[in-house]
Amino acid sequence: MLDLSIVTINFNTSDATIACVKSIIEKTTLLYYEIVIIDNASESDDYLNLEKQVKKLDLPNVKLVRSNINTGFGTGNMIGYAETSPSKYVTFINNDVELIDDCFPILKSYLDNNLDVGVVSPQSVNEHLDFVPTIDHFASWQREIFTRKVLEIVNSKRYPKRKKAYTEPVVADFIAGSFMFVRREDFDKVGGFDKNIFLYYEETDLSRRMKGIGQKTVLISTIQYKHYHGLSTKKSIAIKLEQKLSLIYVVKKHQGWLASKVLLIYFGVKYFFSTLISPKKWTLLKATLKGMPMSLSLKFKQKTKEIYIKMICAFATKMCFLESVDF
């Protein structure tokens with residue numbers, strides 16, 4: 001019987017994806033697992049390289065699925081999830097991750113023995129094996145305005161220190177989305193990832209909903225994984241805007257309309273003054289004044305691209321049909 005399904009997304013970083021897959025194959029023992037790779041509409045050269053490398057692996061438990069558009073993190077993972085075989089556990093893992101330890105049996109055992117835990121993860125380290133904060137506090141208006149550090153000082157029990165190296169499992173609001181190990185039953189119960197979110201805050205949203213059904217999120221600090229940050233998502237104003245759109249969406253979803261308005265006022269003041277120094281931030285101020293609607297998300301630009309592709313395909317099909325008709 002299959003123990004574990006592993007889902008990862010590729011977006012123009014095929015070499016990293018193959019390195020991730022190879023590290024899983026090399027480090028994972030004892031468990032029966034499958035790997036599902038979703039290509040999120042990468043450039044042709046990158047996809048072809050990925051396809052070639054996957055074929056070279058020649059493993060029946062490694063599957064590659066290509067999406068016609070970039071569906072983002074949550075939807076991309078849900079596409080991959082739909083392609084998985086029945087298994088008790090599922091891992092969503094970034095393609096810029098490499099395993100250091102044989103961690104899956106340990107994570108599985110922890111969930112087997114702790115039925116009130118729904119999400120677990122190893123400790124993240126960077127490419128130099130230096131400690132990287134892996135737990136975080138729920139996205140909220142309090143966290144944005146007062147900062148994480150203040151929350152940790154004021155209420156250390158409620159807000160455990162993010163930058164502390166723990167020696168025992170620690171319960172947190174959520175863990176980094178680069179590596180999430182879940183029980184399929186729980187994941188199905190909360191409805192998986194929210195497809196309205198294109199990028200950022202999917203993990204905080206998932207763990208909030210897990211908490212709603214009585215399932216905790218836990219970091220297992222005795223095992224580690226290596227994370228090469230930001231390989232497929234480069235910093236830009238567009239990406240910064242996407243982050244804020246998701247934040248406002250998640251805060252409104254879980255804390256209500258008033259909390260989202262408090263944040264919008266805060267961002268309005270913040271971006272008004274920052275545009276005086278950096279005019280390019282006018283994009284952020286303009287979006288704030290509009291209320292940060294999700295219609296500004298990159299997700300909807302992808303939807304537009306999908307419509308154009310369908311129209312072109314339909315037109316091409318019609319032309320081929322007309323050419324084939326013998327008048």
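A residue is called buried when its relative accessible area is under 20%, exposed when this value is over 50%, and partly exposed in between, with a 1.4 Å probe and protein chains only. By this criterion Ser14 is buried, because its relative accessible area is 3%. The model is a predicted one, in which local features need pLDDT of at least 70 and side-chain atom pairs count only at pLDDT 80 or more, whereas totals for chains, interfaces and linings use all residues. Residues are numbered from 1 along each chain as its sequence is written, and side-chain values use heavy atoms, with hydrogens and water left out.

Ser14 belongs to helix 1, where helices (H or I, at least four residues) and strands (E, at least two) are DSSP runs numbered from the N terminus. Leaving aside residues up to four places away in sequence, Ser14 touches Asp46, Asn49 and Leu50, a contact being heavy atoms within 4.5 Å.

Strands pair if DSSP finds at least two bridges between them, and strand 1 (residues 4-10) pairs with strand 2 in the parallel sense over seven bridges. Helix 1 (residues 14-27) carries the chain from strand 1 to strand 2 in a right-handed β-α-β crossover, a term that applies if, with the strands pointing away from the viewer, the path from the first strand over the helix to the second runs clockwise. Strand 2 is also joined to strand 3 (residues 62-67) by six bridges, and these two run parallel. Here the chain crosses from strand 2 through helix 2 (residues 44-57) to strand 3, and this β-α-β crossover is right-handed. Within the pairings, Val36 of strand 2 is the bridge partner of Val7, and Lys63 in strand 3 is the bridge partner of Val36.

Strand 2 (residues 33-40) is mostly covered, with eight of its eight residues buried. Tyr33, Ile35, Ile37 and Asp39 point one way from strand 2, while Glu34, Val36, Ile38 and Asn40 point the other way.

A nonpolar core is a set of buried Ala, Val, Leu, Ile, Met, Phe, Trp, Tyr and Cys residues joined through side-chain atoms within 4.5 Å. The largest nonpolar core has 30 residues, of which Phe104 and Phe179 touch the most other members. Apart from it lies another core of 23 residues, among them Ala172, Ile175, Val182 and Leu199.

Overall, the chain has twelve helices and eleven strands, and buried residues make up 50% of its 327 residues.
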